[in-house]
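Please give a short report on this model.

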Amino acid sequence: MFPKVRMRRLRRTSRIRDLVKETVFSSKDFIYPIFIDENIEAPEKIEAMPGQYRHPLNNVVEEAKELVQLDIPAVLLFGIPKNKDETGSSAYDKDGIIQQAIRSLKGELGDSLSVITDICLCEYTSHGHCGIVDNGRLLNDPTLELLERIAVSHAEAGADIVAPSGMIDGQVHSIREVLDKKGFTDVVIMAYSAKFASSFYGPFRDAARSAPSFGDRSEYQMDYANGDEAIREVELDVKEGADIIMIKPALSNLDLIYRVKKVFRLPTAAYNVSGEYSMIKAAGEKGWIDEKRVAYEVLTAIKRAGADIIITYFAKDAARWSRDK
Ligand code: PBG
């Protein structure tokens with residue numbers, strides 16, 4: 001008790017504070033998402049995500065080399081195809097934009113960078129929903145078949161990790177089964193297990209041109225009011241064979257990152273999504289907050305909550321900041 005106990009003693013100098021610091025993150029915890037656009041020849045700025053770009057295929061390896069240099073272990077690929085249709089067929093075309101990108105990344109960089117791919121249809125369907133739609137409703141089981149085809153085409157191209165993000169029931173089971181059947185027993189599944197219908201995805205949907213043309217995604221993505229349901233979603237994905245589980249968005253679900261890590265003790269990823277990034281960027285640009293310090297605080301909080309892996313658009317900046325510190 002005071003005066004013998006003085007908590008401020010361990011805060012007196014930055015050196016002592018370093019010694020007693022409980023949570024640190026490093027570039028090795030990061031996954032960096034990038035957008036690859038089949039319709040462009042040169043990188044294009046993403047308006048709503050300052051500092052982020054849509055890349056043409058011929059720029060992807062260069063971008064990836066930078067990640068390797070920064071000691072970031074993995075990239076998460078999102079594709080913007082030339083052609084969209086009702087069933088998102090360019091998502092499972094073996095010469096689709098992502099399949100080509102995987103082949104060039106793995107061909108040039110081998111295992112020095114892990115390639116993770118998003119397994120979803122919303123960027124590829126004309127209606128912008130994450131599967132086959134009939135009468136305004138997303139059909140679950142027919143969609144599974146398409147997700148299997150996407151996963152196999154990515155695995156054939158050389159993907160290390162596939163990440164189903166559509167919140168389609170049974171998607172992890174279906175993908176694990178088909179990958180195993182085709183001999184891809186080593187391809188990892190990182191499941192977007194608890195993905196909420198969140199307004200924080202707005203800038204991403206601009207970037208990936210994947211906003212739904214009618215309705216929203218609340219019929220398949222989770223209601224952010226529900227915590228126990230998130231645990232149940234994770235439990236099912238674990239049973240279905242997920243190797244890594246993910247909570248998304250990160251900042252508004254720190255409690256769930258904590259709970260999920262405690263309950264399942266599996267590698268746990270948190271997606272620090274586009275809106276979380278852009279809010280910090282925007283307020284930083286206005287001079288209302290210190291972008292770098294706020295980003296540090298947020299990334300530390302996500303780690304402290306229990307995330308082993310952070311998917312973040314800040315990955316490159318944060319890797320540089322910690323290097324220069
Ligand atoms: C679906 C997908 C989305 C994000 C990642 N995968 C968009 C959505 O569900 O509408 C959002 C990520 C972000 O906001 O950074 N393919």
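The report below takes these topics in turn.

## Basis

This is a predicted model: local features need pLDDT of at least 70, side-chain atom pairs count only at pLDDT 80 or more, and totals for chains, interfaces and linings use all residues. Residues are numbered from 1 along each chain as its sequence is written, and side-chain values use heavy atoms, with hydrogens and water left out.

## The cavity

One cavity of 30 Å³ or more is counted. A cavity here is a set of points, on a 1 Å grid over the protein atoms alone, where a 1.4 Å probe fits but cannot get out. Grid points are joined across faces, edges and corners, and volume is the space filled by probe spheres set on the points. The largest cavity has a volume of about 150 Å³.

Its lining holds 20 residues; a lining residue has an atom within 4 Å of a point. E123, K195, Y201, F204 and K248 lie nearest the centre of the largest cavity. Strand 9 (188–195) and helix 6 (202–208) each give the lining at least two residues. Helices (H or I, at least four residues) and strands (E, at least two) are DSSP runs, numbered from the N terminus. By class, the lining has ten nonpolar, four polar and six charged residues. Nonpolar covers Ala, Val, Leu, Ile, Met, Phe, Trp, Tyr, Cys and Pro; charged covers Asp, Glu, Lys and Arg; the others, Gly among them, are polar.

## Lysines over a ring

Which charged end sits 5.6 Å from the centre of the ring of Y201? That of K195, which sits over the ring. K248 also lies over the face of Y201, at 4.4 Å from the ring centre. The rule needs NZ of Lys or CZ of Arg within 6 Å of the ring centre and within 35 degrees of the ring normal.

## Aromatic pairs

A pair of aromatic rings is described by the distance of the centres and the angle of the planes. Twelve pairs are counted. Rings of Phe, Tyr and Trp (its six-membered ring) pair if their centres lie within 6.5 Å; planes under 30 degrees apart are stacked, over 60 edge-to-face, the rest tilted. The Y271 and Y313 rings have centres 6.2 Å apart and planes at 45 degrees, so this pair is tilted. Y271 lies in strand 11 (residues 268–272) and Y313 in the loop between strand 12 (309–312) and helix 11 (315–324), so the pair ties together parts 42 residues apart in sequence.

Y271 is buried, at 2% relative accessible area. Y313 is buried too, at 1%. Buried means under 20%, exposed over 50%, partly exposed in between (1.4 Å probe, protein chains only). Ring pairs link both tyrosines into a cluster whose members include F204, F314 and W321.

## A buried lysine

K281 lies in helix 9 (residues 274–285). K281 is buried, at 10% relative accessibility. Beyond its neighbours within four places in sequence, K281 contacts P50, E291, F314 and D317. Contact means heavy atoms within 4.5 Å.

## Backbone exceptions

Most residues other than glycine have a negative phi, and most peptide bonds are trans. F2 and P3 are joined by a cis bond, with omega about 10 degrees. P3 lies in the segment before helix 1 (14–20). The bond from K248 to P249 is cis, with omega near -5 degrees. P249 lies in the loop between strand 10 (244–248) and helix 8 (254–264).

D71 has a positive phi of about 65 degrees. D71 sits in the loop between helix 2 (60–69) and strand 4 (74–80) and is partly exposed, at 36%. M167 has a positive phi near 55 degrees. M167 lies in the loop between strand 8 (161–164) and helix 5 (171–181) and is buried, at 8%.

Conventions. On a 1 Å grid over the protein atoms alone, a cavity is a set of points where a 1.4 Å probe fits but cannot get out, and a pocket is an open set with protein on both sides within 12 Å along at least five of seven lines; lining residues have an atom within 4 Å of a point.
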